[in-house]
Every structure is written in structure tokens, then in C-alpha cells.
Amino acid sequence: MLPVHERLAELFIISGKRALTSDEEAEQQQCLQVNARYCWEMARLKNEALLAGLTDDAGWDQEIAAQMFELRTTGRVAKRRK
């Protein structure tokens, strides 16, 4: 879990107890944007992993696994080599 996900959960809990301040609402929107990019990137990698498996491309599969690990731990994937 990334810190942004923890903060998003925290803001959700706070919103159940009181109205969020305008700064908190802005932060919540930023967290939601980061989460959407994270989900989109993870979905792309899962689709690529499926393709790598279907084509028996072990090297590509390992590269994708490394990218998924990087995404899970840092929240982003470095530019891919061509």
C-alpha cells in the first residue's frame, strides 16, 4: 500500500465524522487522481503480463513483474527501455 492510499483512507474516515476543509478536499482529489493513475498503470501491466504468458515470453514476463513490483513500492514505473 502506498502512502497516498493511507491518506485517502484517513480522509475518508475524517469525512465520516465532519466535513472536510477545503484543503482536505483538494488533497482528497489529488489522492484520487494518483490512485486512478496507479490503477490504470497496474491494469496495463496485468494485461501485458497476460500477453507475455500467452506468448511464453519469459523475459518479457520478468520485466513486467519487476515493473509491477516497482509500481507497488514507489507508485510509478520508470520509463521503459525500447
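The model is predicted, so local features need pLDDT of at least 70 and side-chain atom pairs count only at pLDDT 80 or more, while totals for chains, interfaces and linings use all residues. Residues are numbered from 1 along each chain as its sequence is written, and side-chain values use heavy atoms, with hydrogens and water left out. Helices are DSSP runs of H or I with at least four residues, strands are runs of E with at least two, and both are numbered from the N terminus.

**Nonpolar core**

- The largest nonpolar core has 12 residues: L2, V4, L8, C31, Y38, M42, L45, A52, I64, M68, L71 and V77.
- α1, α2 and α3 are the elements that give two or more residues to this core, and α2 gives the most, with 5 residues.
- A nonpolar core is a set of buried Ala, Val, Leu, Ile, Met, Phe, Trp, Tyr and Cys residues joined through side-chain atoms within 4.5 Å.
- Buried means under 20% relative accessible area, exposed means over 50%, and partly exposed lies in between (1.4 Å probe, protein chains only).

**Largest pocket**

- The largest pocket has a volume of about 240 Å³.
- Elements giving two or more residues to the lining of the largest pocket are α1 (3-17), α2 (22-54) and α3 (58-74).
- The lining consists of L2, P3, V4, V34, R37, Y38, E41, L71, T74, G75, R76 and V77.
- α2 gives the most to this lining, with 4 residues.
- By class, the lining has 7 nonpolar, 2 polar and 3 charged residues; Ala, Val, Leu, Ile, Met, Phe, Trp, Tyr, Cys and Pro count as nonpolar, Asp, Glu, Lys and Arg as charged, and the others, Gly among them, as polar.
- On a 1 Å grid over the protein atoms alone, a pocket is an open set of points where a 1.4 Å probe fits, with protein on both sides within 12 Å along at least five of seven lines, and lining residues have an atom within 4 Å of a point.
- Grid points are joined across faces, edges and corners, and the volume is the space filled by probe spheres set on the points.

**Salt bridges**

- The whole structure holds 5 salt bridges, each a side-chain nitrogen of Lys or Arg within 4 Å of a carboxyl oxygen of Asp or Glu.
- E27 and R7 form one of them through their side chains (2.8 Å, N to O); E27 lies in helix α2 and R7 in helix α1, so the pair ties together parts that are 20 residues apart in sequence.
- E27 is partly exposed at 26% relative accessibility, and R7, E10 and E27 are linked in a network of salt bridges.
- In helix α2, E41 and R44 are 3 residues apart, about one turn of the helix, and their side chains meet in a salt bridge (2.4 Å, N to O).
- R44 also meets E48 in a salt bridge (2.6 Å, N to O), and this pair is 4 residues apart in helix α2, about one helical turn.
- E41 is partly exposed, with a relative accessible area of 22%, whereas E48 counts as buried at 14% relative accessibility.

**Cysteines**

- The structure holds 0 disulfides, a disulfide being a pair of cysteine sulfur atoms within 2.5 Å.
- The sulfur of C31 has its closest cysteine sulfur in C39, 13 Å away, which is too far for a bond.
- C31 counts as buried at 7% relative accessibility, and C39 as partly exposed at 40%.
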